[in-house]
Amino acid sequence: MTTLMWLVGVAVFVIGLLISIAWHELGHLSTAKLFGIRVPQYMVGFGPTIWSRRKGDTEYGFKAIPAGGYIRMIGMFPPGDDGKIRRRSTSPFRGMIEDARAAAYEELQPGDESRMFYTRKPWKRVIVMFAGPFMNLVLAVAVFAGVWMLYGVQQTSTTVSSVSGCVISASRDDRDCRKTDPESPSSKAGLKPNDTIVAYNGRPVTDWQTLQDYIRESKGRVEIVVERDGARRTLDATVVQNTVYKNTDDPTDESTVKAGWLGFTPGREIVTLSAGESVDRMGDMVAQGFDAVLALPSKVPDLWNAAFNGEERKADSPIGVVGAARVGGEVAAMDLPAADRITWFLQLVAGFNLSLFLFNMLPLLPLDGGHIAGALWESIRRHTFRLFRRPDPGPFDVATLMPVAYVVAGIFVCFTLLVLVADVVNPVRLTG
């Protein structure tokens with residue numbers, strides 16, 4: 001049954017992935033057609049076509065490898081300086097440029113001269129290229145906000161989950177109490193699991209972060225008011241100084257500090273967020289995601305060691321489609337309520353969409369952000385020439401950047417393969 005549920009989880013994630021890709025390409029397709037650009041193909045997936053149907057100017061279909069998608073637009077690049085689509089050259093770099101330009105015109109038909117991508121004003125091209133990532137952002141925000149506002153998020157609460165029997169430093173590997181370890185302040189004070197702390201040393205508390213700050217700042221004797229079995233009780237405790245982990249947003253940061261310590265583990269609760277709280281949380285996620293994208297090059301050594309040297313795969317390690325699918329399988333196989341598993345899946349797909357948005361906005365060809373940067377540069381250049389009353393320089397030839405685009409694409413392919421190997425031989429796991 002567990003294996004079956006794991007396979008179901010993988011299948012559900014793949015379906016979510018295909019929907020996300022189709023949604024992304026729909027953004028490009030709809031805006032391209034809005035501005036009169038001819039789009040011969042709209043495809044979800046790569047490789048051999050397994051199904052397609054033509055409607056109007058466009059062939060819609062699915063391909064065998066669900067690792068991406070594309071739309072093909074006529075005239076992505078302008079003709080060369082000589083006005084020709086292709087010219088002979090012995091230079092390998094010029095060959096890349098000419099091949100890319102030829103590919104953009106290979107389905108050119110009579111009447112398409114006014115329906116080519118490069119002939120549209122820069123602001124229209126920006127909209128067409130931005131529409132794909134924007135659709136992923138919209139889907140991510142809608143799913144995340146829906147889950148947070150309707151179902152809620154898991155937060156650390158002021159309810160006690162467990163009480164430590166002794167004082168144990170965070171820097172100690174052995175978590176079992178020894179005979180020489182002193183009794184913990186919480187155990188001495190009579191704190192029990194399921195107690196809810198409502199006040200600390202005369203100050204009311206409603207959230208774990210505030211309570212943790214109070215505990216870490218305090219010394220000596222304190223009064224703790226708890227709710228137990230519907231009644232409030234006041235407990236006396238003596239805070240001790242202990243080595244504890246720092247409060248950081250980085251889950252991999254294991255640095256420690258000396259601070260006040262009582263010795264109990266807080267519980268978890270599901271709390272719904274307001275619209276304003278959801279906006280704040282989404283903003284934090286976008287900022288963290290942007291930082292994560294910029295940090296991808298620094299993850300290569302850890303990925304290499306995890307893939308080929310048998311080292312432990314870090315919790316913040318990048319994962320690819322295979323890794324995310326395995327996570328989906330783990331979620332489905334978990335012994336959790338159905339609502340919890342559904343929200344896990346939804347947030348997994350939403351996170352994938354947020355990553356697609358951030359990654360595609362990098363100003364590098366062949367990503368959408370590279371085409372956006374080219375259109376913006378053309379607009380700036382044309383306005384500058386107009387300001388100084390110089391002749392219009394014409395469209396910016398993005399095709400001249402194709403050698404750089406091939407290098408960038410090669411780097412992306414190598415990184416993707418490295419992540420794939422790591423996901424297969426040393427995957428990130430939610431459990432065990």
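Modeller: Cys414 is exposed, since its relative accessible area is 54% (buried means under 20%, exposed over 50% and partly exposed in between, with a 1.4 Å probe and protein chains only). The model is predicted, so local features need pLDDT of at least 70 and side-chain atom pairs count only at pLDDT 80 or more, while totals for chains, interfaces and linings use all residues. Residues are numbered from 1 along each chain as its sequence is written, and side-chain values use heavy atoms, leaving out hydrogens and water.

Cys166 counts as buried because its relative accessibility is 3%. Cys177, by contrast, is partly exposed, at a relative accessible area of 44%. In general, a disulfide is a covalent bond between the sulfur atoms of two cysteines. With a disulfide taken as a pair of cysteine sulfur atoms within 2.5 Å, the count here comes to 1 disulfide. Cys166 and Cys177 are its partners, with an S to S distance of 2.0 Å. This pair links distant parts of the chain, 11 residues apart: Cys166 and Cys177 each lie in the loop between β3 (153-163) and α4 (185-189). Here helices (H or I, at least four residues) and strands (E, at least two) are DSSP runs, numbered from the N terminus. The torsion about the S-S bond of Cys166 and Cys177 is about -95°, and the disulfide is therefore left-handed.
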